[in-house]
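Work through the exercises below with the model open. Each task is followed by a solution in steps.

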Amino acid sequence: MIDAINCERNGRDIDQDVLRLLIEMLCTVGDTDPKIVKQKDGGDRLFWQSTTKGFYKVDFETQLLVTTADFYRAKVTGWLAECSCPRFLEEVARRLKDEE
């Protein structure tokens with residue numbers, strides 16, 4: 001999953017729906033009381049909602065944050081070597097928006 005996320009960060013297309021479902025699964029597995037809720041935008045889709053974040057919090061989130069830091073540390077090193085200050089700031093702003 002982390003490789004897919006990094007591929008997307010590098011501009012490749014990934015199946016975001018599959019990734020979203022996998023993350024949803026990690027959030028609910030291990031939760032003792034997950035709820036089934038209806039999509040907020042009025043759609044017919046039902047999804048699991050977890051209050052504890054299950055295996056996501058325990059097994060995935062830490063690794064994701066570590067690899068995200070490594071990914072952007074390498075990117076910033078390249079940007080600093082290649083970009084002017086305004087271009088560097090534009091790239092940082094774009095990446096922050098992408099990560100939201």
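This is a predicted model: local features need pLDDT of at least 70, side-chain atom pairs count only at pLDDT 80 or more; totals for chains, interfaces and linings use all residues.

Residues are numbered from 1 along each chain as its sequence is written, and side-chain values use heavy atoms, with hydrogens and water left out.

**Exercise 1.** Find the residues of the largest nonpolar core and the elements that give two or more residues to this core.

Solution. Step 1: a nonpolar core is a set of buried Ala, Val, Leu, Ile, Met, Phe, Trp, Tyr and Cys residues joined through side-chain atoms within 4.5 Å. Buried means under 20% relative accessible area, exposed over 50%, and partly exposed in between (1.4 Å probe, protein chains only). Step 2: the largest such core has 8 residues, namely Ile2, Ile5, Leu19, Leu26, Cys27, Tyr56, Phe60 and Leu64. Step 3: two or more of these residues come from each of helix H1 (2-9), H2 and helix H3 (54-82); helices (H or I, at least four residues) and strands (E, at least two) are DSSP runs, numbered from the N terminus. Step 4: beyond its neighbours within four places in sequence, Ile2 is in contact (heavy atoms within 4.5 Å) with Phe60, Gln63, Leu64 and Thr67.

**Exercise 2.** State how many disulfides the structure holds, and examine Cys83.

Solution. Step 1: a disulfide is a pair of cysteine sulfur atoms within 2.5 Å. Step 2: the count is 0. Step 3: the cysteine sulfur closest to that of Cys83 belongs to Cys85 and is 10 Å away, so the distance is too far for a bond. Step 4: Cys83 is partly exposed at 23% relative accessibility, whereas Cys27 is buried at 12%.

**Exercise 3.** Is Asp31 buried or exposed, and which residues does Asp31 contact?

Solution. Step 1: Asp31 is in the loop between H2 and E1. Step 2: its relative accessibility is 9%, so Asp31 counts as buried. Step 3: apart from neighbours within four places in sequence, Asp31 contacts Ser50, Thr51, Thr52 and Gly54. Step 4: Gln49 is 18 residues from Asp31 in sequence, with 9.5 Å between their C-alpha atoms.

**Exercise 4.** Locate Thr28 and list its contacts, leaving aside neighbours within four places in sequence.

Solution. Step 1: Thr28 belongs to helix H2. Step 2: Thr28 is buried, at 12% relative accessible area. Step 3: the contacts are Pro34, Trp48, Gln49 and Ser50.
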